[in-house]
Amino acid sequence: MQKVVRPRAVSLAAGYFAFVGIATIIFWVLFFTTDWLHLSDWECYFVFERSFPLADGWLALCCFLAAVGLWRGRGSGWLFGLLASSAAIFLALLDLLYSLENGVFWPFTFDSISELTLILLLLVPTALIIPWLWRRRGLFLR
């Protein structure tokens, strides 16, 4: 049996996508079963948050498919990596704008810093992964 040699960056990207997929599911389980993740008691906040599960489900699915595809060195990893990254950026920017417009970050509290951290954990890595995947598309599209 031949040992698979996988570039470290591919393993990191696959791990990142697996982490985001799992974290997304855990977030929604906790959101609907506890009040730990509720940043506000405003009704508009709950209406806004309850509009996300379907889109976040798409994000999680794309993340899992990207992780598996990248891990196995398949073209599907490239495709779903781009789809997951795009979905993550879209959802993070939507959350960021809502938070900025509604004063979620002010005053700085543990909850507001946590929210900003989650947004940045979606935006920054995926903004780096998209051009990385694009430049290496030849590795996956054989």
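**Figure 1. What covers helix H5.** The buried residues of H5 are covered by elements that include H1, H3, H4 and H6. The model is predicted: local features need pLDDT of at least 70, side-chain atom pairs count only at pLDDT 80 or more, and totals for chains, interfaces and linings use all residues. Residues are numbered from 1 along each chain as its sequence is written, and side-chain values use heavy atoms, with hydrogens and water left out. Which residues of H5 are buried? They are Ser-112, Glu-115, Ile-119, Leu-122, Leu-123, Thr-126, Ile-129, Trp-132 and Leu-133. Buried means under 20% relative accessible area, exposed means over 50%, and partly exposed lies in between (1.4 Å probe, protein chains only). H5 has 26 residues and reaches 38 Å from its first C-alpha to its last, close to the 38 Å expected at 1.5 Å a residue. The expected span of a helix is 1.5 Å times one less than its number of residues.

**Figure 2. The whole chain.** The chain has six helices and zero strands. Helices (H or I, at least four residues) and strands (E, at least two) are DSSP runs, numbered from the N terminus. Along its principal axes, the C-alpha trace spans about 55 × 25 × 25 Å. Of the 142 residues, 35% count as buried. Take the contacts with a separation of 6 or more: residues 24 or more positions apart account for 67% of them. Contact means heavy atoms within 4.5 Å.

**Figure 3. Confidence along the chain.** pLDDT is the predictor's confidence in each residue, from 0 to 100. The chain averages 92, and 97% of the residues score at least 70. Where is confidence lowest, and where is it highest? It is lowest in helix H6 (residues 137–140), at a mean of 85, and highest in H3, at 97. Where pLDDT is low, the predicted coordinates should not be read in detail.

**Figure 4. Helix H1 and its buried residues.** H1 has 26 residues and reaches 37 Å from its first C-alpha to its last. Buried residues of H1 include Val-10, Tyr-16, Val-20, Gly-21 and Trp-28. The buried residues of H1 pack against H2, H3, H4, H5 and H6.

**Figure 5. The largest nonpolar core.** This core has 35 residues. A nonpolar core is a set of buried Ala, Val, Leu, Ile, Met, Phe, Trp, Tyr and Cys residues joined through side-chain atoms within 4.5 Å. Phe-17, Leu-59, Leu-70 and Leu-133 have the most contacts inside the core. Helices H1 (8–33), H2 (43–49), H3 (53–72), H4 (75–101) and H5 (110–135) each supply at least two of its residues. Now focus on Leu-59. Leaving aside neighbours within four places in sequence, Leu-59 is in contact with Val-20, Thr-24, Ala-84, Ala-87, Ala-88 and Leu-91.

**Figure 6. Thr-24 in helix H1.** Thr-24 lies in helix H1. Is Thr-24 buried or exposed? At 11% relative accessibility, Thr-24 counts as buried. Leaving aside neighbours within four places in sequence, Thr-24 touches Asp-56, Leu-59 and Ala-60.

Figure 7. The whole structure holds 13 aromatic pairs. Rings of Phe, Tyr and Trp (its six-membered ring) pair if their centres lie within 6.5 Å; planes under 30 degrees apart count as stacked, over 60 as edge-to-face and the rest as tilted. Phe-31 and Phe-46 form a tilted pair, 6.3 Å centre to centre with 45° between the planes. Phe-31 lies in helix H1 and Phe-46 in helix H2, so the pair ties together parts that are 15 residues apart in sequence. Phe-31 is buried, at a relative accessible area of 4%. Phe-46 is buried too, at 15%. Why is the pair of Tyr-45 and Phe-46 edge-to-face? Because the planes of the two rings stand at 75°, with centres 5.3 Å apart. Ring pairs link Phe-27, Trp-28, Phe-31, Phe-32, Tyr-45 and Phe-46 into a cluster.

**Figure 8. Two charges over rings.** A charge sits over a ring if NZ of Lys or CZ of Arg is within 6 Å of the ring centre and within 35 degrees of the ring normal. The charged end of Arg-6 sits over the ring of Trp-71, 3.6 Å from its centre. The charged end of Arg-137 sits over the ring of Trp-134, 4.1 Å from its centre.
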